[in-house]
Amino acid sequence: MDKQFHALSDGTRREILRLLRHGPLTSGAIAESFPSAWATISRHLAVLREAELVVAERDGQTIRYELNTSVFQEVVQH
């Protein structure tokens with residue numbers, strides 16, 4: 001659970017999760033929602049992936065992210 005709570009401790013990562021509540025998004029669409037550099041958002045997405053809060057699926061050069069709801073349920077139950 002430490003990885004999940006660490007990932008949730010950052011406001012930008014929580015905002016990314018809020019965006020994904022409405023359905024899967026590409027990394028580019030997520031990055032466009034923030035004033036930060038794309039590399040910064042990419043690092044936030046990596047932390048969320050490592051915490052298993054999001055799942056990434058590659059389609060050619062596009063990466064689509066979506067919430068991993070089963071892990072969220074575990075965090076809430078904890």
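Which residue with a positive phi follows H4? That residue is Glu52, whose phi lies near 65°. The model described here is predicted. Its secondary structure amounts to 5 helices and 3 strands, arranged from the N terminus as α-α-β-α-α-β-β-α. The radius of gyration is 12 Å, close to the 12 Å that the globule rule gives for 78 residues, so the protein is as compact as a globular protein of that length.

**Helix H4**
- Helix H4 covers residues 38-50, and its end C-alpha atoms are 18 Å apart.
- This distance agrees with expectation, because 13 residues at 1.5 Å a residue should span 18 Å.
- Within H4, the buried residues are Ile41, His44, Leu45, Ala46, Val47 and Leu48.

**Overall dimensions and packing**
- The C-alpha trace spans about 35 × 25 × 20 Å along the principal axes of the protein.
- Of the 78 residues, 33% are buried.
- Among contacts with a separation of 6 or more, 52% are accounted for by residues 24 or more positions apart.

**Surface and charge**
- The protein exposes about 5000 Å², of which carbon and sulfur atoms supply 47%.

Methods:
Residues are numbered from 1 along each chain as its sequence is written. This is a predicted model: local features need pLDDT of at least 70, side-chain atom pairs count only at pLDDT 80 or more; totals for chains, interfaces and linings use all residues. Side-chain values use heavy atoms; hydrogens and water are left out. Helices (H or I, at least four residues) and strands (E, at least two) are DSSP runs, numbered from the N terminus. The expected span of a helix is 1.5 Å times one less than its number of residues. Buried means under 20% relative accessible area, exposed over 50%, partly exposed in between (1.4 Å probe, protein chains only). The radius of gyration is taken over C-alpha atoms; the globule rule is 2.2 Å times the number of residues to the power 0.38. Contact means heavy atoms within 4.5 Å. Accessible areas come from the Shrake-Rupley method with a 1.4 Å probe; for residues, only the protein chains shown count as cover.
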